[in-house]
Amino acid sequence: MVFRKPPDGGWGWVIVVVSFFTQFLCYGSPLAVGVLYLEWLDAFGEGKGKTAWVGSLANGIGLLASPVCSVCVSSFGARPVAIFSGFMVAGGLMMSSFAPNIYFLYVSYGIVVGLGCGLLYTATVTITCQYFDKRRGLALGLISTGSSVGLFIYAALQRELIELYGLDGCLLIVGALSLNILACGSLMRPLESSSSPPPEKTCVDKVPDQYFAYHEKEKTAEENISILEKGYIDEKCVNNVPDCKQESILNKNVLSSINVNEKDTYKKKVVEQTNFCKQLAKRKWQLYLTYWKETMVLFKNKVFSALFVAILLFDIGGFPPSLLMEDVARSANISEDDYYMPLISIIGIMTTVGKLILGILADFKWVNTLYLYVTTLLMTGVALFAIPFAKSYLTLAMLSGILGFLTGNWSIFPYVTTKTVGIEKLTHAYGILMFFAGLGNSLGPPIVGWFYDWTQEYNTAFYFSGFCVLLGGFLLLLAALPCWNACTNQSSKLPPNTYSYKVASNA
């Protein structure tokens, strides 16, 4: 299938709208899972660490499975994957309403819903990039706000549904709303040219055709020879009966020699095809070796190594507030009458604001995006240290807004990755970093919950979270300092096709 040039408009704006609503519908409940987390604690009576696994899996499994999601979208297209994933998200949410225990939720809500969200995210980003080139940044920015808006609305919506219909009714209604993803996915028309000629077959595709063509020729030759043989023998037998047996024996000898030659030719063909398969397997193995060599080259870049540690520690420490902030307020004995807005909703709306403002700042030439990212990490660590001292709704709301704004640094993370490794290695490096981000998302909330189970208070847990984020920020800052780059450049040269951040940012 040959794709046309991205139109940067037209039907592409429909793609932006449906991708926005797709992320809104699929990520609304998993990101606002903190409201459901309180209900699951009361319903199943399990520990906070064990219960936190449900929300952490739902948010982390999509990032962990990002290579599989990319392969699915590349193989089947964005539209089929979006429709299939819509059934996964809706089905997982509805199945969760019948969960008899917390382990059932690990599968229905954590894995099924989480994997469906990962597939939908990959599908929306892929189809948007196909339709936009010059305005790609604007289009991706618009669709990425869908998840933040979903967090803002679903936090209040799920709380209201639980009061009206209970936990089971809430999950059923939210699952039914997710079925609208099917309508959005059906509008993701692939950008392709129907009038373009079909592409030529590759060597691998031609192998079966060549074999079958040869086989048919071989079969046809044998049939023709048998027909001629039969007609010739019949004629001889009619005219001259004594010579019939001699002619038949002679023709059988000739045919046997022909069959031997045909078998030798067939064996040669089989040997050729076997050698071809061996060469193909060898080339595939070389591709895998090349992939791992490029990965090792990336980790020789000190800034990239520090960035991978920073994103892992940031997600371990920075993600739990969006899941556990409601329980933090309840543990601080804050009355529900003081609630003007769910804390998770505040995090969601400020995340949207943070994505926009930090993304705009990153476009200024005088702003070093790596130092801007490090600043957000350090400020996040300080805000996490302040959570144990918040004893009122107002202070928790302020800290939620600050943490939500700083979490918007996801919008500048691709900039940082590009400046670190170069544009030609962005896809490879970004996939590795997203895997570790998903690992941090999956581990962060359970670790904080386990700390509470051990100490029966959140103070130690958030001190640990703040320490993790500050450690990642300081390591990244140390690796990015110009004096450090100068020392490393004098001692050793960077591997080919990798860059220090200072050189890349000046370029």
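**Reading side-chain features in a predicted model**

A: In this predicted model, Leu164, Tyr165, Ile173 and Leu177 make a nonpolar surface patch of about 370 Å².

Q: Where is Leu164 placed, and is Leu164 buried or exposed?
A: Leu164 belongs to helix H7, which covers residues 136-178. The cut-off for exposed is over 50% relative accessible area. Leu164 has 54% relative accessibility, so Leu164 counts as exposed.

Q: How many disulfides does the count come to?
A: A disulfide is a covalent bond between the sulfur atoms of two cysteines. Here the count is 0 disulfides. Cys72 is in no disulfide, and the nearest cysteine sulfur, that of Cys69, lies 6.5 Å away. The cut-off for a disulfide is a pair of sulfur atoms within 2.5 Å. As for accessibility, Cys72 is partly exposed at 24%, whereas Cys170 is buried at 0%.

Q: How many aromatic pairs does the structure hold?
A: A pair of aromatic rings is described by the distance of the centres and the angle of the planes. The structure holds 14 aromatic pairs. One of them is formed by Phe20 and Phe21, with 5.4 Å centre to centre and 90° between the planes, and is edge-to-face. Phe20 is partly exposed at 22% relative accessible area, and Phe21 counts as partly exposed at 39%. Ring pairs also link Phe20 and Phe21 with Phe24 and Tyr154 in a cluster.

Q: Which rings have the charged end of Lys48 or Arg189 over them?
A: The charged end of Lys48 sits over the ring of Tyr452, 4.6 Å from the ring centre. For Arg189, the ring is that of Trp11, and the distance to its centre is 4.2 Å.

Q: What does the salt bridge of Glu326 and Arg159 link?
A: The side chains of Glu326 and Arg159 meet at 2.9 Å, N to O. This pair links distant parts of the chain, with Glu326 in helix H12 and Arg159 in helix H7, 167 residues apart. Glu326 counts as buried at 1% relative accessibility, whereas Arg159 is partly exposed at 25%.

Conventions: Residues numbered from 1 in each chain as written. Predicted model: local features only at pLDDT ≥ 70, side-chain atom pairs only at ≥ 80, totals over all residues. Heavy atoms only, no water. Patch = residues over 30% accessible without salt bridge, like charges linked within 9 Å, V, L, I, M, F, W, Y side chains within 5 Å. Areas by Shrake-Rupley, 256 points an atom, 1.4 Å probe, with all protein chains shown as cover. Salt bridge = Lys/Arg side-chain N within 4 Å of Asp/Glu carboxyl O. Helix = DSSP H or I, 4+ residues; strand = E, 2+ residues; numbered from the N terminus. Buried < 20%, exposed > 50% of the residue type's maximum accessible area, 1.4 Å probe, protein only. Phe/Tyr/Trp six-rings, centres within 6.5 Å; stacked < 30°, edge-to-face > 60°. Lys NZ or Arg CZ within 6 Å of the ring centre and 35° of its normal.
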